[in-house]
Amino acid sequence: MLAAAPAAADTLVLAPETLPEWKAVYGRVEARDVVPARARIGGTLVELLVTEGDEVAEGARIATVRDDKIDFQVRALDAQLAALRAQLTRAEAELARGRSLVERGVATPQRLEQLETEVQVTLGQIAATEAERAVVVLQGEEGAVLAPAAGRVLDVPVTHGAVVMPGEPVATIGSGGLFLRLAVPERHAGDLVEGAEIRVTEDGVPATGRLARIYPQIQNGRVVADVEVEGLAGTFVDARVLVSLPVGERRALLVPAAAVVTRSGIDFVRVLEDGTERERAVVTGERVARDDGDRVEILTGLEPGALVVVP
């Protein structure tokens, strides 16, 4: 890249410089992870604790689904347990009586073994029924719909009192931060480079981003890419943000901004010709920010090698 070098203390030799070519496109603000919070059981939505825009923590309860059949199943199992416990009491009493009869020689040992087996079978039935009851109670506790991740609630497709099925989404949560997704015309695909600096303008405020990922599949004639922007406000997900992408390079003549004087709507630059300062009318273009002062692109009016007088 050729850079302008000073020929004297107050002059500058005009030489072409390489500038990036920018393409203005719109990016869409998206959440990194969009996770649905689903109902684990079917039933009636008796409680809804969130609405669109709310912030939730991971594992927080956002809704409650109730299935009235679960209460009836628990009561039925409680009744079975009561009957089995009564049956166990009677079997243990028969076993104690059988042992007494065996000691007196009235009953046979085979009868005692039969009574012991009846007690063990009843104990097994009680354990199985208690386990079945624990499963049903756990199903009732799964009526609490929990947030799968921390983030913002983007959508709540159900209402209070609605009937939901197992696996049906109750809310959609956006988590993991925000980024910009671009859809760039495929003719610029070869000019995109991962890690390139991107200009972003959000709500009129300029910012700088980084081209983080370029997807290999072209969709509808466009290349999809993701841009990381630190401190992206993201007040609205899916909002459109103006983005400028570097899609090439071009040669340009740049002069210090202080060298351009405007009079009567016409821009002039003072140059040194044959030892004499003269003003040349020019047409200016893009203004480029530099650490040592802004530069102004000269479209017409000057040629490479001209000696520009810098005030």
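Let me begin with a definition: a charge sits over a ring if NZ of Lys or CZ of Arg is within 6 Å of the ring centre and within 35 degrees of the ring normal. By that rule, the charged end of arginine 263 sits over the ring of phenylalanine 268, 4.7 Å from its centre. Arginine 199 also lies over a ring face, that of tryptophan 22, at 3.9 Å from the ring centre.

Before I continue, two remarks on the source. This is a predicted model, in which local features need pLDDT of at least 70 and side-chain atom pairs count only at pLDDT 80 or more, while totals for chains, interfaces and linings use all residues. Residues are numbered from 1 along each chain as its sequence is written, and side-chain values use heavy atoms, with hydrogens and water left out.

Next, leucine 19. Leucine 19 lies in strand β3, residues 16-38; strands here are DSSP runs of E with at least two residues, helices are runs of H or I with at least four, and both are numbered from the N terminus. Is leucine 19 buried or exposed? Leucine 19 counts as buried because its relative accessibility is 5%, where buried means under 20% relative accessible area, exposed over 50%, and partly exposed in between, with a 1.4 Å probe and protein chains only. Leaving out residues up to four places away in sequence, leucine 19 touches Gly248, Glu249, Arg250, Ala252, Leu254, Val288 and Arg290; contact means heavy atoms within 4.5 Å. Leucine 19 and glutamate 297 are 278 residues apart in sequence, but their C-alpha atoms are 10.0 Å apart in space.

Now the salt bridges. A salt bridge is a side-chain nitrogen of Lys or Arg within 4 Å of a carboxyl oxygen of Asp or Glu. How many are there by this rule? The count comes to 21.

One of them joins aspartate 68 and arginine 66, at 3.4 Å from N to O. Arginine 66 is partly exposed, at 46% relative accessible area, and aspartate 68 is partly exposed too, at 43%.

Another pairs arginine 133 with aspartate 78, with the closest N and O atoms 2.5 Å apart. Arginine 133 lies in helix α2 (residues 109-141) and aspartate 78 in helix α1 (residues 68-103), so this pair ties together parts that are 55 residues apart in sequence.

Arginine 99 and glutamate 116 form a further salt bridge, their closest N and O atoms being 3.9 Å apart. Here arginine 99 is in helix α1 and glutamate 116 in helix α2, so the pair ties together parts 17 residues apart in sequence. Glutamate 116 is partly exposed at 31% relative accessibility. Elsewhere, salt bridges that share partners join Glu21, Arg250, Glu286 and Glu297 into one network.

Last, the sheet. Strands of a sheet pair through backbone hydrogen bonds, either parallel or antiparallel. In this model, four strands form an open sheet in the order β7-β6-β4-β9, with antiparallel pairing; two strands pair if DSSP finds at least two bridges between them. Why do β7 (144-146) and β9 (163-164) stand at the edges? Each has a single partner strand, so one side of each is left without a neighbour in the sheet. Strand β4, residues 43-48, is joined to β9 by two bridges, and glycine 43 stands opposite valine 164 in β9.
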